[in-house]
Amino acid sequence: MLLDVRNLGVKYRMDGQQIHAVNRLSFQLEENEIFGVVGESGCGKSSLIKALLRLVARNGLVEADSVNFQGQELLQMPMEEFRKNILWQKIALVPQSAMNSLNPVYKVGPQIVEAICAHVQMPDHQARDRVHELFESVGLQKDLFDSYPHQFSGGMRQRAMIAMALALDPQLIIMDEPTTGLDVLVQDKILKTLRRIKDETKCSMMIISHDIAIMSEIATRIGVMYGGSFVEIAPTMDLFKDPSHPYTMGLTNAFPSIRELGKELISIPGSPPVMVREENKCWFEPRCPFAADGCRQTFPAATMTGANHVVSCLRSDEREMLAQLAKEKATWTS
Amino acid sequence: MQTLGSRVRSGWSTLHRQYKIMTSNTYGLIGFWVVAFFFAVALFAPLLAPYPVWEMQYDAETGQLAMLQAPSMQFPLGTTHLGYDLMSQMIMATRTTVMIGLISGFISIMIGANIGLIAGYYGGLIDEFLMRCTDILYGMPFLPFVIILISLFGRKIEFVILAIALIVWRTSARVIRAQTISIKQRQFVTAARARGCSHLRIIYRHILPNVLPLLLLYTSFNIAWSIVTEASASFLGFGDGDTISWGGMLYELWLSGKTRVAWWWFLPPAACIVALVTSLVFISRAYEEYANPRLRETR
């Protein structure tokens with residue numbers, strides 16, 4: 001196992017209130033897999049990344065029973081050690097909007113060379129060779145080495161950021177919305193590149209997106225986030241064939257399917273909760289058409305409903321019946 | 001490894017780029033050459049000055065002490081009431097003024113830039129503390145503060161420089177802090193943090209280059225302010241008595257009581273102060289236009 005997160009919580013202090021962004025979140029990440037994280041805005045995706053990389057702002061508080069990466073407890077590690085030995089070398093981030101993630105005053109190639117040389121002992125020419133190699137593997141021409149970021153297109157900048165993340169052969173690459181803002185053709189090429197990189201380097205990827213269609217294409221396993229924790233984690237095929245959490249059912253309804261053209265999309269009414277205190281209840285309950293009395297009194301524990309299929313719902317036993325109901329528009333609007 | 005040749009070339013191209021920015025408009029062009037002229041005079045002052053500064057001169061025709069003479073062939077800028085040659089004084093004073101301006105300008109921008117960068121980047125209590133210090137400095141009246149500092153430290157040129165630098169940095173600190181705050185929210189700073197860059201590395205390698213145009217603008221601004229301050233302090237008699245400066249020349253004139261008579265004594269230092277400071281402001285305007293392209297459109 002590469003990464004084991006148990007009971008992660010992220011709180012922000014704001015005007016005397018504590019806002020919970022991530023709440024009782026647990027998941028495991030295996031080697032050489034692509035784990036997709038989906039969820040709507042405000043469900044805690046970004047806070048999850050920040051907590052894993054220990055980049056949470058000063059008003060934030062991160063707690064967890066355990067965040068274990070290859071046998072090392074990440075949150076207990078001294079910050080200096082974490083910064084020098086884990087960040088980028090073991091866990092690399094491709095930040096959201098790669099458009100603005102390159103320093104505009106430096107040329108792209110030298111910028112990566114310099115970053116490598118600052119991080120590991122490596123002679124300049126060797127780092128340059130490495131960057132040429134990286135450029136090739138992400139599909140950038142070598143003569144772009146001496147260009148400025150503003151001379152790059154959006155897709156090229158995304159590739160450059162991926163190259164930068166790969167530079168030190170990390171075991172885990174976290175990508176925050178890697179395809180947002182790119183047109184579908186470029187999206188497709190980037191996804192292909194990612195898949196090839198995964199096969200070549202045997203690294204794991206954690207891809208955060210709100211685009212479930214992209215996820216279905218690339219991820220081997222998908223975690224659905226709601227209210228600061230995973231409500232359902234399942235291998236990609238299982239998730240779409242056998243959605244077990246009402247939120248997942250709603251989410252799959254809200255995306256167009258090529259086989260059912262013209263079918264009206266069903267959205268989930270309401271908006272994500274603002275969690276100002278820890279409550280013993282299901283956070284999806286106010287929007288859930290199948291909410292029962294028990295949902296308001298207990299926080300649903302994660303239960304296995306199949307191989308590698310984990311759901312946090314009290315009514316997961318009745319999932320087949322609920323999934324049928326969830327396909328009807330009336331279920332969601334009444 | 002970068003070869004020496006490529007280092008020299010890149011250094012030269014940086015300088016060339018700065019020249020292009022400074023001379024991108026007419027005022028900047030005028031400013032650049034006026035400043036270059038004064039710098040050249042300052043550099044070669046001992047070679048250019050026809051007479052020693054503190055040596056009484058005698059009229060070549062009459063053989064008498066050349067007291068308070070109007071400009072002539074022998075004394076192109078006339079003489080003082082003690083028979084000192086004003087041309088030589090002007091040239092040597094240029095050296096002092098330019099030196100004080102440059103050194104206190106650079107010290108002040110160093111202080112201002114670092115305080116601005118650190119306050120802006122770290123925020124919180126550090127920011128609060130540094131900015132309140134800046135505010136306190138703002139509350140101090142400029143000239144009296146410098147005068148008190150000089151009288152505390154003594155009228156040595158090093159202390160004059162220090163006293164000026166200690167107050168001129170305040171505006172640059174504020175402006176650079178504001179710019180730093182806006183830049184640190186850009187995505188590439190987060191990206192650098194996620195790569196494990198240290199705070200200092202982010203400040204000086206990632207943010208600093210992005211505030212550079214602003215920094216250069218305030219460097220030239222601070223030099224101008226330092227020169228003005230030095231002239232004012234010297235005119236009030238708080239300059240270094242041993243080294244002559246433009247403000248010091250005006251002070252001597254004032255002491256001699258010949259202000260109404262000796263126009264040739266009064267005019268050159270006054271005009272040079274105005275010319276040099278204005279030129280520096282022109283240059284900083286050129287940088288300002290470069291740093292803030294919106295100004296270009298309104299021209």
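**Figure 1. Asn7(A), a partly exposed residue of strand S1.** In this predicted model, Asn7(A) has 14 other C-beta atoms within 10 Å and is therefore partly exposed. The residue belongs to strand S1 of chain A, which spans residues 3-14. Most residues other than glycine have a negative phi.

**Figure 2. The pairing partners of strand S1 in chain A.** S1(A) runs antiparallel to strand S2 (residues 17-29) of chain A, to which 9 bridges join it. In this pair, Leu8(A) stands opposite Leu25(A). The hairpin of S1(A) and S2(A) has 2 residues between the strands, and Asp15(A) takes a positive phi near 45° there. Strand S4 (residues 60-63) of chain A also pairs with S1(A) in the antiparallel sense, over 4 bridges; here Tyr12(A) faces Gly60(A) as the opposite residue. With strand S5 (residues 66-69) of chain A, S1(A) forms 4 bridges, again antiparallel, and Asp4(A) stands opposite Asn68(A).

**Figure 3. The open mixed sheet of chain A.** The sheet comprises 8 strands in the order S7-S8-S9-S3-S10-S11-S13-S12, with mixed pairing. Strand S7 (91-94) and strand S12 (303-306) of chain A each have a single partner strand and stand at the edges, so one side of each is left without a neighbour in the sheet. On average, neighbouring strands are turned by 20° against each other, direction ignored.

**Figure 4. Glu177(A), a buried loop residue with positive phi.** Glu177(A) is found in the loop between S8 and helix H6 (184-201) of chain A. With 20 other C-beta atoms within 10 Å, Glu177(A) is buried, because 20 or more such atoms are required for that class. Although Glu177(A) is not a glycine, its phi is positive, at about 50°.

**Figure 5. Contact between chain A and chain B.** Chain A contributes 19 residues to the contact and chain B contributes 15 residues. On the side of chain B that touches chain A, helix H8 (187-194) and helix H9 (199-235) are the elements that give two or more residues. H8(B) gives the most, with 6 residues. The residues on this side of chain B divide into 5 nonpolar, 6 polar and 4 charged.

**Figure 6. Right-handed crossing of helices H4 and H9 in chain B.** The axes of helix H4 (residues 86-122) and H9(B) come within 7 Å and cross at roughly 140°, which makes H4(B) oblique to H9(B). The crossing is right-handed. Residues of H4(B) in the contact include Gly101(B), Gly105(B), Gly112(B) and Ala113(B), while those of H9(B) include Ile203(B), Leu215(B), Tyr218(B) and Glu230(B). The contact of H4(B) with H9(B) comprises 13 nonpolar, 9 polar and 1 charged residues.

Key:
Residues numbered from 1 in each chain as written. Chains lettered and ligands numbered in written order. Predicted model: local features only at pLDDT ≥ 70, side-chain atom pairs only at ≥ 80, totals over all residues. Pairing = 2+ DSSP bridges. Axes fitted to C-alpha atoms, helices over the stretch in contact; angles between N-to-C directions. Buried ≥ 20, exposed ≤ 12 C-beta atoms within 10 Å, placed from the backbone. Contact = placed C-beta atoms within 7 Å. Nonpolar A, V, L, I, M, F, W, Y, C, P; charged D, E, K, R; others polar. Parallel < 35°, antiparallel > 145°, perpendicular 65-115°, else oblique. Left-handed = near helix turned anticlockwise from the far one by under 90°.
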